[in-house]
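Keep the viewer open and follow along.

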Amino acid sequence: MRVTFALALLLAACEPAPSARELPRELTPAENPFGPEDGLWSPQPHRDRPYAIARAGDRLFVTLRGTEDAPGREVAVLDARTFELIGRVEVGLAPTAIAAHPDGRHLVVLNRFASHASVLDGRALEVVEEIPVPFYCEGVAFSPDGARALVTNRWKDSVLRWDVRVEGDRLVIDPVDVLTSPQAEVGVRVDADPLRVRFLDARRALVTSETSLSLTLLDAESGAILAHHVPNGPVTDVAVAGGYVLALHTGHGSGHPPDFGFDGDFDGAPGDGTANVTFQDVQNEIDVLAPDDLRLLHRYTSDTICCRDYRDVDPDHPEAGLELRPVDRWPPERVAFLPPRDTWIVAGAMPERIVPFARPTGSPAVAVVFGGSSEVQTFDLDPTDGSLTPRERAGSLFEVRFGARDAVLLEEVDRLAVVERLGESVAFVDLASGEVARTVVGDERGGAFPATDAELGEAFNTVTAPFTIDGDQSCVHCHREGTPIAKPVSMPLLEAPAWGVRNVMSYRGAFDSRPWFVEAAMEEDNFFPVINEFARRENFCCEQSDVRVWSRYPSHDECTEEPDREGCDHVLRCLESPPPECAERGYGGEALTRERHFRDAALRVFGRDESFGDGLYAERLGDDGRIERRPIRLGFDGVTRALGLFLLSRPRLLPNPNAMVPRAEAREGALLFASSRTGCASCHPLPVAATAVGGPPGPLRFSYVLTPVRGPSGADVDRVNPAFLGTFPDAVQDSVGLRVGVPSLRGIWDRRRFLHHGLARSLREAIATPHHPGLAPGERGFDERDGQADTHGSTSGLSARELDALIAFMETL
Amino acid sequence: MTRPTLALLALALTGCPEGTDPDGGSCTVEVAVGELEGRSFVELADGDPVEMLLGFQGFRMLRFAVRSRGPAVDEIEVGSFLTIVESGVELDQRSRERDLAPLPDGVLLQEYLLFVNDIPPAQIVGYDADLEMTVHAAGCVGGARVQVAVRDDDPCVDHGIVLDAATRPDAPDGGVVCE
């Protein structure tokens, strides 16, 4: 199989490269390797996964993108006045973005797995033209005068310009930027993975990049980059309101302290996190920017930045951090790094979409759709200075359902139409009362979402916030659509978390790349340290882990020996008799145990606190020797297992356009990859270039082949702490350092950071030796350990052209 | 039952009746729950104590060894179901295990960690708990049952982890520094 694959690849690479017009019409979705032979498998319902929405005239159009392995090819059409479903129109494979032309009639649909965009006549409800484009066009907007359209492209990391005009009943599109060959660059090069595009005015447009953590202002005509805003967090959407630019992002926190430690934002100053560290500094923020230069005018952050978590930095109690265990301890001066209290106004989690609108009085406002908490919050915008005032506070936000993502304003009824991606529906939210009407536009034949245990995990993956202690975080804050953000972060497992960094793992191909993470020590059934950070045990009083409460009471052992001792009733019967400090401490959860907290959240979010039992079940031994299965509780363990099952069940691998149109130089690269000259294939064997696949005798692990990240004393700060090793015995660490599992290279074309520490900014940096002639100025080669080159394969002897060839091949994997 | 409440029940003696395994397994493994003493597997008997271990991020766990007599496999799937006798509080876990030592008649899982994530320590430490364990191995299935007494005599971070307070003042996350 491996030989066959390699030969096929080589032969394919020998073929002349096709021109743009010869691009395959569609990419072939990746197959799902998770099947009935696996004990956790169960049939999953088909879903349409509505994704983006636009309005043309009296109709609403919703792309039905489907999933990565079962993409859709239709757009649902609704009546904007009655909210009723009118029908569907077939477009291209995986319709992802949609925009309506100002003529009120035509729309453009971008089909991410197709090499054409569809022009839709919104009156006739038919596709009237197809525009050739590169694969992975994912965002589109028309200029206010309708004469220009911009299209973002994830494959080429660029923005394509179209000239547009209306001729009679026709919308005529003339692409300015045309792909001349599959390997050519095209359009205006911008930060990797450009996504949303919005026009600031007739001439200028804003482009977001979630994975590159940036917002770009460019000239829509010339393509000149006019300004850049990098909040060091995924920029998920941008809008223009009241003369200001408003950008949504998730904060610059990286898990490092703000005042010392790793300089992850490379500003030259130690420390790059926020006042809070670890997962607490994942926030939900709105930046108000000056339109001309994207200068930051205001930044608003989560209303629960303080003090729901037991570790939160508390400006009212600056000494409180000194009472914590050393690993959680914070000094009083840390409060200086908290943003001003009057900026703590963002009440939802995972802001996905911001929509300007006008209040009935005519005053400007914006509505923000939150996917992580399934909510909508509105803010009044002061046109004199751009400041925001929330209209709704926590507890009174407008509720929507699973996977809220895109939205469009229905001005005449003062409603926001919100696409509920996982819920297969569109919610019509009254922006005054919060009342919601709802229309199912997707596929509920297999039951309303979630209908299976894997879907429970999928729901948790996105709508995580209700399970977190402060309601702020979600899995998709960092794993945007399964693709990791380009921000190395600290992790609690590190021996020196202030200095250590880890690359964010890709969600793709999880089934056959177990065990997971750099340490290759966790799988779908025990990766709970990640979930643990969302809701640490210390937040739940009767877990008896909060030293600020329980250090005042006798130990459990002491109470067992002397039950009548003062305070022992609380120790031994906490659920029935919690100590008064539980209610007085001012932080933590309402539930007394974490299991109760998770089950309460599961009931609220899923409508159930037990699994369906199709994939997640417990086995009991019957007295007759029979094994019986029954659903499991959706406590902390159960929810973690549901998420693991979801990760297994959805490969989420993106079909690789480079493999469909292999570059000629990939042939040479394939030979280099397989040769002993480089040694690549000895650890990353073809066909999938992955040896982390579970199975005897387990994954390949190596002592570091690269120079580890070092702290100020020169210590290896990639090392994990002893407690982690004791808890996850598959992890191996010795005097040389942590042994690292060999990762899969599949889909590496779509990654933005490389190596275990995520410090390599390109594949070239990851595989080149220092000072390699193939490196561009400013690039750094990481293929060395402590000054010895070629420790991560032999690339120092490759010419610059050969290095290019090797990269070209790897980008086909 | 005083000796290991091995609860392969009828399985070990009579073989697995058809339909015993919900997945349709048609052969059996003989399962025993124990601990590793040195390099030797020692089967647990009803009432034997089991020490609660403290680990990373304050996770707590019970450590067992599991002997599976049957196919010599590279991977087994282990299910555990723990019930606190007095309160009825339950805990379950399922996991794939690959770090197996070969035995002449099967395999030995030398370190099996049952994570006690959903039960506060005060509800389990000091109590007796019924442990049911099932093992799936290459289409064969079996189970065992034993009652253990959960103890927490050593409140320190997991055994074998040496803390050097002089060089590393921070305790491992959630752990307790022991003098």
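Strand β6 (residues 106-111) and strand β7 (residues 116-121) of chain A run antiparallel and are joined by five bridges. Leu107(A) has Leu120(A) in β7(A) as its bridge partner. Strands here are DSSP runs of E with at least two residues, helices are runs of H or I with at least four, and both are numbered from the N terminus. Two strands count as paired if DSSP finds at least two bridges between them.

These two strands belong to an open sheet of four, in the order β5-β6-β7-β8 (chain A), with antiparallel pairing. β5 (95-100) and β8 (126-132) of chain A sit at the edges with a single partner strand each, so one side of each has no neighbour in the sheet. On average, neighbouring strands are turned by 25° against each other, direction ignored; the axes are lines fitted to C-alpha atoms, for helices over the stretch in contact, and angles run from 0 to 180 degrees between N-to-C directions.

## How to read the model

This is a predicted model, where local features need pLDDT of at least 70 and side-chain atom pairs count only at pLDDT 80 or more, while totals for chains, interfaces and linings use all residues. Residues are numbered from 1 along each chain as its sequence is written, and chains are lettered from A and ligands numbered from 1 in the order in which they are written. The scores are ipTM 0.88 and pTM 0.93.

## A hairpin in chain A

Strand β23 (residues 351-358) and strand β24 (residues 364-370) of chain A pair in the antiparallel sense, over seven bridges. Together β23(A) and β24(A) make a hairpin with five residues between them, and Gly362(A) in the turn has a positive phi of about 95°. Ala358(A) lies opposite Pro364(A) in β24(A).

## The nonpolar core

The largest nonpolar core has 265 residues, and Ile53(A), Val62(A), Val75(A), Leu246(A), Val366(A) and Val418(A) have the most contacts inside it. Such a core is a set of buried Ala, Val, Leu, Ile, Met, Phe, Trp, Tyr and Cys residues joined through C-beta atoms within 7 Å. Helix α9 (residues 636-649) of chain A gives the largest share of this core, eight residues.

Which residues does Val366(A) touch, leaving out those up to four places away in sequence? The list includes Ala239(A), Leu246(A), Ile354(A) and Phe379(A); a contact means C-beta atoms, placed from the backbone, within 7 Å.

## An enclosed helix

Ten of the ten residues of helix α2 (residues 453-462) of chain A are buried, so this helix is largely enclosed by the rest of the structure. Buried means 20 or more other C-beta atoms within 10 Å of the residue's own, exposed means 12 or fewer, and partly exposed is in between, with C-beta atoms placed from the backbone. Leu456(A) and Phe460(A) are among the buried residues of α2(A), and the cover over them includes α8 (594-606) and α9 of chain A.

## Chain B, with some caution

Chain B has one helix and eleven strands. Of its 179 residues, 53% are buried. Its mean pLDDT is 79, with 72% of the residues at 70 or more; pLDDT is the predictor's confidence in each residue, from 0 to 100.

Take care with two stretches. Residues 1-19 of chain B stay under 50 in pLDDT, and over residues 158-179 of chain B the pLDDT is below 50. Where pLDDT is low, the predicted coordinates should not be read in detail.

Key
Contact = placed C-beta atoms within 7 Å.
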